Amino acid sequence: MSRRGNLLFGWSLALAAIALFANLGLWQARRAVEKQAMLDAAAQVLSERVPQPLSRAADPQRAHAYDWAAGQGRFDPRGALLLDNQQRGGRAGVRAYRLFLPDGGEPLLVDLGWLPLGGERKFPAVPKPEGELALRGLLSAPPSVGIPLGPGIGREGQGWLLTRVDTRAIAAALGLPAPLAPRVLRLDPALPLGYDRDLELLSNTLPPDKHRGYSLQWFALAAAVLATALILTFRRPRRGADR
């Protein structure tokens, strides 16, 4: 192949690689901006803690917003829902949810906190809190997931095991007569109810700084490919090479 042919082929590969790395860098940068905006919005709500009614969890216009909410109601007798593959302090475990029926408004999921899971994968029991209860906490969208595969919910003893929190699939599996609110209530850690928990939003995913770091790495790779292509293009050909 002639030198011109080699250059065309090489630049085609280089430009494809540069475009790929640059797009990956831009995606990581966008995720950093999105997650920083999430953290800032939640921090403002948590600093003010102006209580809204629990019925606000069902507002579709605020499905991805944050609100501090409080209200009364009862827990539904249906079994607990355990979200699998939840890390805390380097330990494997599950996040426990139960269905709550507020006095007014649609049923919603309450995040009761994290429970450890042993090597034998024996899932913990999550008893139903009894009686009329006053709850408060942060309304937020369920934990984010990657590419959803399968139904995301299956029976586990007296309750259900989740691979993701899909409120529509949960409502169907539990046979609810009414829609399930798209947001969940993350209980105030000061309440005596529930298990090990906090209001950290990104406990099982990358924080903005990590995304920024990965973005820089992808842009650096794109720059390295460009620099290599330029060096190979403008270096002097060896004597006797095809022209």
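Me: Which residues form the nonpolar patch on the surface?
Reply: In this predicted model, L226, L230 and F234 form it, with about 300 Å² of accessible area together. Patch members have over 30% relative accessible area and no salt bridge, with nonpolar side chains joined within 5 Å; areas come from the Shrake-Rupley method with a 1.4 Å probe. A salt bridge would be a side-chain nitrogen of Lys or Arg within 4 Å of a carboxyl oxygen of Asp or Glu.

Me: Where is L226, and why does it count as partly exposed?
Reply: L226 sits in helix 3 (residues 208-234); helices are DSSP runs of at least four residues (H or I), strands of at least two (E). Its relative accessibility is 38%, so it counts as partly exposed. Buried is under 20%, exposed over 50%.

Me: Switching topic: how many residues are in the largest nonpolar core?
Reply: It has 24, and V110 and L185 have the most contacts inside it. A core joins buried nonpolar residues through side-chain atoms within 4.5 Å. Strand 5 gives the largest share, four residues.

Me: What does V110 touch?
Reply: Leaving out residues up to four places away in sequence, its contacts (heavy atoms within 4.5 Å) include F75, Y97, L135 and L185.

Me: And T167, buried or exposed?
Reply: T167, in helix 2 (residues 167-174), is buried because its relative accessibility is 14%.

Definitions and conventions. Residues numbered from 1 in each chain as written. Predicted model: local features only at pLDDT ≥ 70, side-chain atom pairs only at ≥ 80, totals over all residues. Heavy atoms only, no water. Patch = residues over 30% accessible without salt bridge, like charges linked within 9 Å, V, L, I, M, F, W, Y side chains within 5 Å. Buried < 20%, exposed > 50% of the residue type's maximum accessible area, 1.4 Å probe, protein only.
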